[in-house]
Amino acid sequence: MQIGIDLGSRKAKFALLDGERIVRLADHDTVTFYKRYGRLAGDELELDLAASGIFTPDELAGAAVVVTGYGRNTLALRGARVISEIRAHVAGALLQTGLRDFTLLDMGGQDTKVALVRGGKLADFVMNDKCAASSGRYLENMAAILELSLDELSSHWEDPVKLDATCGIFGESELIGQILRGHPVERLCAGVNQTLVKRVMPMLKRFASETIVLTGGVARNQGVVRLLEGETGLAVIVPEHPQHNGAIGCAFTGTGS
């Protein structure tokens, strides 16, 4: 058995694999999980996985544990091997899609990563972890202004209202201005989704590919998927478990892959 842990900015994700077979996936709010089951011992993080109930004692016994974390905040987890976010997410995409050549676009709660994969190996990558305007946090803020759920926001992509602000804070003011102009909510939602796509396009253009594999929480946004397809002219593939991709990749590397 292999256990993969992705300590994200918003969610801590967990994966249990038996070889290449996914046995179980779970997630918890990161801060809440740390409060309940984590503590620092020197420079290392200790997680009481047994008390969390995510894994049984038999599963924990002898399992290889691999962990990754958000941005530069990765903590050494006692008893686990630590790998980079990029390596974890590429490994997860390789296992979930079976593809060997693609561009990985991972859009998480507070950062965005783009990686070029050739022959099943990481060839190059770029990431933006300095501004949340190209991440899921931006969508959450815009949905709150529109007084909509993320599901409702995510369902629109046609005839988007043009939004030009490159900063998430200024984007909120711009969206309020467009609301006052009386644009239909469906077009406003599409405009928000289009803005996110426009912000990641410069990163995608650095790594030309025939296929984009989209992971992270934003991969659940059908509007972003449709707009990405239209903007790039490429196939956009969303794995079955996009939000747990990093944890799956961690566990997959525990097989020696």
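Which residue in β2 stands opposite Ile3?

Tutor: Leu16 of β2 stands opposite Ile3. This is a predicted model, in which local features need pLDDT of at least 70, side-chain atom pairs count only at pLDDT 80 or more, and totals for chains, interfaces and linings use all residues. Residues are numbered from 1 along each chain as its sequence is written, and side-chain values use heavy atoms, without hydrogens and water.

β2 spans residues 11-18 (strands are DSSP E runs of at least two residues, helices H or I runs of at least four, numbered from the N terminus). Six of the eight residues of β2 are buried, leaving the strand mostly covered (buried means under 20% relative accessible area with a 1.4 Å probe, protein chains only).

On one side, β2 pairs with β1, residues 2-7, through six bridges in the antiparallel sense (pairing requires at least two DSSP bridges). These two strands make a hairpin, and three residues lie between them.

β2 also runs antiparallel to β3, to which eight bridges join it. β3 covers residues 21-29. Within this pairing, Asp18 has Arg21 of β3 as its bridge partner. The hairpin of β2 and β3 has two residues between the strands, and here Gly19 adopts a positive phi near 70°.

In another part of the chain, Gly233 follows α9 and has a positive phi near 70°. Helix α9 comprises residues 222-232, and its buried residues are Gly223, Val224, Val225, Leu227 and Leu228.

Methods
Buried means under 20% relative accessible area, exposed over 50%, partly exposed in between (1.4 Å probe, protein chains only).
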